[in-house]
Amino acid sequence: MAQVPLTFLDALAVRTWCGGALRALGRAREEIDAINVYPVADGDTGTNLYLTMESAAAAVEAVFAGYETGAGRPSLADTGQPSLADAVRAMAHGALIGARGNSGTILAQLLRGMSQVLAASDGDTARIDGARLLLALRHAADSAHEAVAHPVEGTVLTVASAAADAAERAGDDCGAVARAAHEGARTALAETPRQLAVLGRAGVVDAGGRGLVAVLGALVEAVTGEAVEETAVAPALPAAPAPAPASASGGTCPESAVPGGPAYEVIYLLEAGDAAVARLRERLDALGDSLVVVGGDGLWNVHVHVDDAGAAVEAGVEAGRPYRIRITHFAAGDVHTGGERPARERVQRAVVAVVPGEGLAGLYAEAGATTVLARPGEPPASGELTEALRRAHAREVVLLPNDAELRHTAAAAAEQARAEGIRVALIPTRSAVQGIAALAVHEPDRRFDEDVVQMTSAAGATRHAEVVVAERQSWTTAGICQAGDVLGLIDGDVAVIGPDLTATAETVLDRMLQAGGELVTLVVGDETPEEVADRLESRVRESYLAVDTVVYRGGRQGSLLLIGVE
C-alpha cells in the first residue's frame, strides 16, 4: 500500500520510521557485519545496530499498544494515539537500554539527541515541520560527538554531521529535509575510506556510517512514502592511500587499535548523576579506548574497550549503580584495526556464564568467559543467553547458568544455539561458586567432551551456600524465620536461622566443612562488612588445617555472602 507523503513528522511517522529502520538494518545486517573493521574487526556492527534499533522500535510499539488498550496517558484529547513527545521519548529510551556495541551506543545517542529537540517542540501540537527536524538532526550529530571520548573522522560521526549539514540546504518540509540528510550521509559514507586509513586499506566504507544511512533512508520512506536506493557497501571512489585518521579536534588520532589492543568490551547501564559520570569518563578514558558514554537524566549507557574488565566495572560501581553488564572477550582471531583484516573465523571453544554481581562479572571475564549479569529479581531471558552464546563466536561453547532456577531457560538457549550450528554443552551449575570451580579446570586445548567432563566434575564436587536476610516471615526447612533474620542456605535449602550475620556464616561454614574440603571460596557482597570475611578466613585457618581460603568481591550480587567448599 502506497504511503501518503507528509510535510511533517508525527507520532505515527516515528512508529513507521522505527519499523522501517529495523527492516532496513535487518536486510543489511550481514553486509555491515562483513565490512566491520573499525574500531575492532569483530564482525558485529550490523548485528549491534539491528539489536539497538529493535529495542527502540519495541519501545515505540509498547507506547502505541498502551493507547490501543486504554492504558496510555491521554496526552492528546481524543486522538487514541500517543503524542510525538511520547513516541520519540520511547524511541530514545528503548535505544538507550538496548544499545549494543560501539556502533549501537552511538546510534542510541543520535536517537536521543533527536528526541530531545522533537519532544521539546511538541507542546500543544502533534507534529513538527522540516525546520524542527533540521534542528533535531544537528543536535543529534553534536551530542553524539560529545558522547565519544576521542571522535575520529571517517566514522559514523562524520556521516551524521554531513547529514545535518546537507539538511540545512533543504526546504521547509520534512520530506525535503529527510531526503537531503540521506543524500548527504550517502556522499559522506563514500568518502570514509579516504578519511580513515584502515578503511582505505580494506577497501570498504565505515560500517557504522553504513548503518546510519539505512536508518536515514527509512526516515525518508516514513515521511515521503518513496522507496530509497539501497546503499552499496563498497566505496564509490577508488580506495586511494588514506591519511592517518584525524580526530575531531584536528590532531592525529593514534591507531591504538592495533594488534594487541584491549582484550575486553565492557558495556553496562548506569544509574548515576552528571558529576559522577564526568569522573567516570576520566577514569575509563585512562583505562582503555573506544569510550562512549551516552544518556542523561540519571540513566546512562557506558561502552569501553579495556584490558582490565574488572576495573571498568568497579569504576561504574563507584559512580553509581551499574546493571545489565555485558563483558565480551575479543576472540584471538579478532584484531584491533591497524593491520590487514584477517578472515573472520570462530574460535574453537568459549565459556558463557551467568553471574550475579559486577565483581564476579569481572572475575569471570578475566578468565576468558563471556558473561551475562543476572540482577536480583531479574533473571536473564533465554534470548539474552542465546545472544551471549552467539557473542562468544566459537564453534564449541560451555554454558554455566550458575542458578538452579535458570535450568530451563539455559536449556532453551542452548537448543536454539545448536540449531544455528554451535556445539553447546550445558553444565547445570547451581551457584556462581560452582561456576568458578568449573572455570578453574577449563582447558580449551583439551577435547571438548573431556573438558566438559572435567568442568562438570569440578562443579559437582563443590558444595555451595549463601547467606541472605529474610524479607518476611516464612516457613523453612530449618523452622520459622522472621523478617530480618539471617538465613544460611546450603545446597539450596535453609539450614541455619540466626540474628547475627557473622555467627550465622560461621555456622554454615562449619557444617559444610564437616564433610571435609580443600578450598573455601568466599564471594562477599557490597553490603557485607569487611570483618565478616576476615573472621571466616581466621576460622578456617585456626580450625581446619590444610584448607585454603580465597575471597572475591562480588558487588551487588543479591546475597550477602556466597560460600563454596571444594
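How many residues of the lining of the largest pocket are nonpolar, polar and charged?

## Basis of the model

This is a predicted model, in which local features need pLDDT of at least 70, side-chain atom pairs count only at pLDDT 80 or more, and totals for chains, interfaces and linings use all residues. Residues are numbered from 1 along each chain as its sequence is written, and side-chain values use heavy atoms, without hydrogens and water.

## The largest pocket

The lining of the largest pocket divides into 24 nonpolar, 13 polar and 12 charged residues. Here Ala, Val, Leu, Ile, Met, Phe, Trp, Tyr, Cys and Pro count as nonpolar, Asp, Glu, Lys and Arg as charged, and the others, Gly among them, as polar.

The lining has 49 residues, and those closest to the pocket centre are Glu466, Val468, Gln557, Gly558 and Ser559. Strand 11 gives the largest share of the lining, 5 residues. A pocket is an open set of points on a 1 Å grid over the protein atoms alone, where a 1.4 Å probe fits, with protein on both sides within 12 Å along at least five of seven lines; lining residues have an atom within 4 Å of a point.

## Strand 11 and its partners

Strand 11 (residues 463-469) pairs with strand 18 (residues 561-565) in the antiparallel sense over 5 bridges, and Val467 stands opposite Leu561. Strand 11 is also joined by 5 bridges to strand 14 (residues 486-490), again antiparallel, with Val469 opposite Val486. Strands are DSSP runs (E, at least two residues), numbered from the N terminus, and two of them pair if DSSP finds at least two bridges between them.

Methods:
Helices (H or I, at least four residues) and strands (E, at least two) are DSSP runs, numbered from the N terminus.
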